[in-house]
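Take a moment with the sequence and the 3D view.

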Amino acid sequence: MARVTPEQPEEAILAELTQRPNAPVAPAGALRRLLRRKLALFGFAIIALVVGGAVFAPLIAPYAPDEQLFEGLTLFGEPMPPGGGFLMGTDLLGRDLFSRMLYGAQTSLLIGVVANGVALLIGTIVGVLAGYLRGWIGAVLMRFTDLMMAFPALLLAICLAAIFQPSLWIVAMVIALVNWVQTARVVYTETTSLAEREFIAAEKTLGASGARILFKHILPHLVPTLIVWGTLGISVTVLLEATLSFLGVGVQPPTPSWGNIIFENQTYFQAAPWLVFIPGAAILLLALAFNLVGDALRDVLDPTQRGND
Amino acid sequence: MAGYLFRRLVQSALILLGVSFITFVLLYVLPADPVRQIAGRSATAQTVENIRQQLGLDQPMLVQYWRYLSGLVQGDMGRSYLQKTEVSTLIAARLPASLLLMAGGIGCELMIGLTLGIVAAVFRGRPLDQGLMVTSFVAVSAPQFVVGLLLLYVFAVQLGWFPIGGYGTASHLVLPAVTLGIMGSGWYSRMMRSSMVEVLRQDYIRTARAKGLTRARVLIHHALPNAILPIIAMIGIDIGIFMGGIVVVESVFGWPGIGQLAWQAIQRVDIPIIMGVTMVSASAIVLGNLLADFVTPMIDPRIKLR
């Protein structure tokens with residue numbers, strides 16, 4: 001953590017001032033500083049592990065995710081606990097939990113990334129337009145954003161997911177629809193303050209067109225913010241997908257997702273707790289990883305946020 | 001002040017109007033037909049048509065919306081399709097349980113969050129601080145239903161300290177309230193820490209220490225009140241997050257609140273109830289934001305109303 005220690009306030013302030021980005025931060029330096037943080041590295045490791053597991057699921061998984069194994073149930077028809085023949089045990093239908101977790105990682109990551117990408121895109125467009133154009137378009141867009149803030153997000157998502165037959169893509173779109181608001185507000189604030197800076201005024205005086213200013217000057221300055229929010233946002237979407245799937249309105253069985261593995265097995269969780277807590281721990285770790293990386297990115301890319309840590 | 005209040009009230013009313021319209025449109029385009037749900041599978045086409053007319057569902061959308069809205073401003077939220085009871089009665093019956101749960105959740109969130117935040121700020125930069133901040137990230141990354149099931153498994157099933165679910169006594173409230181509060185406590189501990197660190201840097205704190213007061217006294221009497229005030233005002237903004245959280249927590253613990261009511265209504269396409277709960281939640285969120293906006297300048301005179 002970059003701390004302003006009381007012993008050397010001048011250097012710290014000076015360092016902060018010189019690092020304030022007039023141009024977007026050089027990516028190489030940022031990456032190096034990022035990799036020096038242990039927590040960020042831990043986050044990267046988890047993400048790499050999950051991505052690896054998802055990509056190579058067909059190679060790693062010992063069984064097909066929806067194969068009901070005869071030897072996967074005890075003589076009394078109960079699921080097998082972890083260890084023994086099955087690394088993570090089996091579920092109520094005698095399917096191998098480890099294989100389902102691997103394929104479930106595909107679902108969770110896919111929805112996390114797609115939903116968050118779409119949310120980021122909508123949020124950026126709304127925020128930049130409202131912040132740069134101002135006027136009545138800006139007013140309308142921001143009032144609409146306020147309106148969306150008043151919606152109970154989870155309730156809205158559940159409603160939407162239940163209304164449409166939930167498929168993978170529908171769930172991703174639903175999550176995107178309730179999640180773009182935060183990005184829009186942040187981007188809006190940033191754009192309005194950017195639009196008042198001298199170099200934008202100078203560009204205008206030089207006769208640059210609105211589109212040129214927007215794409216060559218405003219958007220590049222927003223990149224660090226978008227990287228930070230994009231990373232933190234994935235953890236929100238991963239949690240939301242898991243919650244929807246847990247309630248049974250997310251990704252539908254037999255497609256495995258970490259949330260619906262818990263949904264399918266929760267009635268039996270007192271007898272077979274691993275069926276709830278292994279996927280639960282996976283969701284937590286993945287969300288934690290994106291939060292840690294996002295937070296480290298914020299420290300590295302946005303010096304104005306420093307000093308509080 | 002009065003002008004600002006008026007402007008904010010009008011704004012809030014417009015937001016609620018917008019929320020009601022959007023929800024109505026969404027539910028109107030619903031592919032699942034509520035009339036089929038009410039009539040049952042064996043109903044004849046004639047019965048289905050009769051029910052549709054009775055409920056006014058054969059009218060154009062804007063007419064239906066106008067009817068709903070004019071009822072709503074008079075406090076009439078319509079009747080449940082399936083339970084044939086006034087929606088307002090159903091919500092009123094469930095609301096106390098949800099409010100109790102939310103109060104418990106806010107209490108837990110503040111107790112855990114603020115304490116950890118203060119400790120982290122005092123031990124700033126040391127391993128304890130770093131450990132607490134990692135813990136706060138774990139708290140905000142933990143899915144509520146997993147936390148709920150974990151607490152149930154450990155404290156109700158294994159240890160038997162608390163009941164496995166249900167509603168009624170104080171011990172029923174503990175696990176759901178903690179579940180609801182944990183995520184927020186992560187955010188609060190981070191905010192409290194920043195706020196406290198900020199205050200501890202001020203000159204007046206150094207003055208207080210210099211005139212010979214003990215660390216503890218400076219911390220509790222001089223730093224804490226200033227650091228805590230901006231945080232307290234955040235509670236109003238939290239209401240929205242809680243409104244989502246109660247659906248999950250009530251479902252895990254079988255808590256009979258409006259979250260369960262909404263969840264059951266969504267599954268049965270009971271539109272008036274869905275509308276009603278959405279409107280109540282949105283009103284709570286808008287009210288929370290209003291309160292936050294008005295409480296903040298009252299407790300912190302540096303912030304002025306525009």
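Rings of Phe, Tyr and Trp count as a pair if their centres lie within 6.5 Å, and planes under 30 degrees apart count as stacked. This is a predicted model. A search of the whole structure turns up seven aromatic pairs over all chains.

Start with A:Phe246 and B:Phe145. Their ring centres are 4.3 Å apart and their planes meet at 10°, so this pair is stacked. A:Phe246 belongs to helix 10 (residues 210-247) of chain A, and B:Phe145 to helix 7 (residues 144-158) of chain B, so the pair joins two chains.

Now look within chain B. Ring pairs link B:Phe21, B:Phe24, B:Tyr65 and B:Tyr68 into a cluster.

B:Arg190 has two partners to find. It lies over the face of B:Phe137, at 4.0 Å from the ring centre. B:Arg190 also forms a salt bridge with A:Asp295, with the closest N and O atoms 3.7 Å apart. The count between chain A and chain B is one salt bridge.

Step back to the whole interface. Here 41 residues of chain A are in contact with 50 residues of chain B. The two chains bury about 4,000 Å² between them, and 78% of it is on carbon and sulfur atoms.

Finally, turn to chain A. An unreviewed UniProt entry annotates residues 105-294 as "domain: ABC transmembrane type-1". That span is 84% helix and 0% strand, and its end C-alpha atoms lie 20 Å apart.

Conventions. Residues are numbered from 1 along each chain as its sequence is written. Chains are lettered from A and ligands numbered from 1 in the order in which they are written. This is a predicted model: local features need pLDDT of at least 70, side-chain atom pairs count only at pLDDT 80 or more; totals for chains, interfaces and linings use all residues. Side-chain values use heavy atoms; hydrogens and water are left out. Rings of Phe, Tyr and Trp (its six-membered ring) pair if their centres lie within 6.5 Å; planes under 30 degrees apart count as stacked, over 60 as edge-to-face and the rest as tilted. Helices (H or I, at least four residues) and strands (E, at least two) are DSSP runs, numbered from the N terminus. A charge sits over a ring if NZ of Lys or CZ of Arg is within 6 Å of the ring centre and within 35 degrees of the ring normal. UniProt positions are given in the numbering used here, feature names are shortened, and annotations may be inferred rather than shown by experiment. Contact means heavy atoms within 4.5 Å. Buried area is the accessible area (1.4 Å probe) that two parts lose on being put together, summed over both. A salt bridge is a side-chain nitrogen of Lys or Arg within 4 Å of a carboxyl oxygen of Asp or Glu.
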